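Subject: A structure for you to look at

Hello,

I am passing on the structure we talked about, so please open it next to this email. My notes on what turned up in it follow below.

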Amino acid sequence: MVVQKARWGLKGLQDADCELVEQPVPARHRGAMAELTSGYEIAVMADETLNGPEDAMEITNAGAADVFAAKLGQSGGAEAGL
């Protein structure tokens with residue numbers, strides 16, 4: 001159901017010449033993110049699913065996003081990794 005609604009939404013946005021959509025499905029649905037990323041010309045941005053460099057690598061390897069919304073707070077703050 002979630003993927004079906006996202007497909008409909010991405011199709012409409014793509015037809016309206018939108019270039020980017022942010023996190024079209026819940027964060028836990030990375031397989032759906034990959035399906036949507038590969039199935040449409042509109043770029044898919046990972047947001048809530050991205051919580052640090054490990055997630056970025058997993059998302060990249062799965063082809064589950066075209067771009068990232070990198071937020072310092074989501075990734076552990078300025079002190080993370082020090």
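The chain has three helices and three strands, where helices (H or I, at least four residues) and strands (E, at least two) are DSSP runs numbered from the N terminus. Read from the N terminus on, the order of elements is α-β-α-β-α-β.

Please keep in mind that this is a predicted model, in which local features need pLDDT of at least 70 and side-chain atom pairs count only at pLDDT 80 or more, while totals for chains, interfaces and linings use all residues. Residues are numbered from 1 along each chain as its sequence is written, and side-chain values use heavy atoms, with hydrogens and water left out.

Of the chain's 82 residues, 33% count as buried; buried means under 20% relative accessible area, exposed over 50%, and partly exposed in between, with a 1.4 Å probe and protein chains only. For contacts (heavy atoms within 4.5 Å), 45% of those between residues at least 6 apart in sequence join residues at least 24 apart.

Now to the inside. The largest nonpolar core has 18 residues, and Leu10, Val25, Met33, Leu36 and Ile59 touch the most other members. Such a core is a set of buried Ala, Val, Leu, Ile, Met, Phe, Trp, Tyr and Cys residues joined through side-chain atoms within 4.5 Å. Helix 1, helix 2, strand 2 and helix 3 each supply at least two residues of this core, and the largest share, four residues, comes from helix 2.

In helix 2 (residues 30-39), Ala32, Met33, Ala34, Leu36 and Thr37 are buried. Their cover includes helix 1 (2-15), strand 2 (43-46) and helix 3 (53-62). Leucine 10 also meets this part of the chain: leaving aside neighbours within four places in sequence, its contacts are Val21, Pro24, Leu36, Tyr40, Ile42 and Val44.

Which residues of helix 3 are buried? They are Asp55, Ala56 and Ile59. Seen down the helix axis, these fall within an arc of 100°, so they line one face of helix 3; the arc is that of the directions from the axis to the C-beta atoms. They pack against helix 2, strand 2 and strand 3 (67-68). On the face turned away from the buried side, helix 3 carries the exposed residues Pro53, Glu54, Met57 and Asn61. Just after this helix, glycine 63 takes a positive phi of about 65°.

Best wishes
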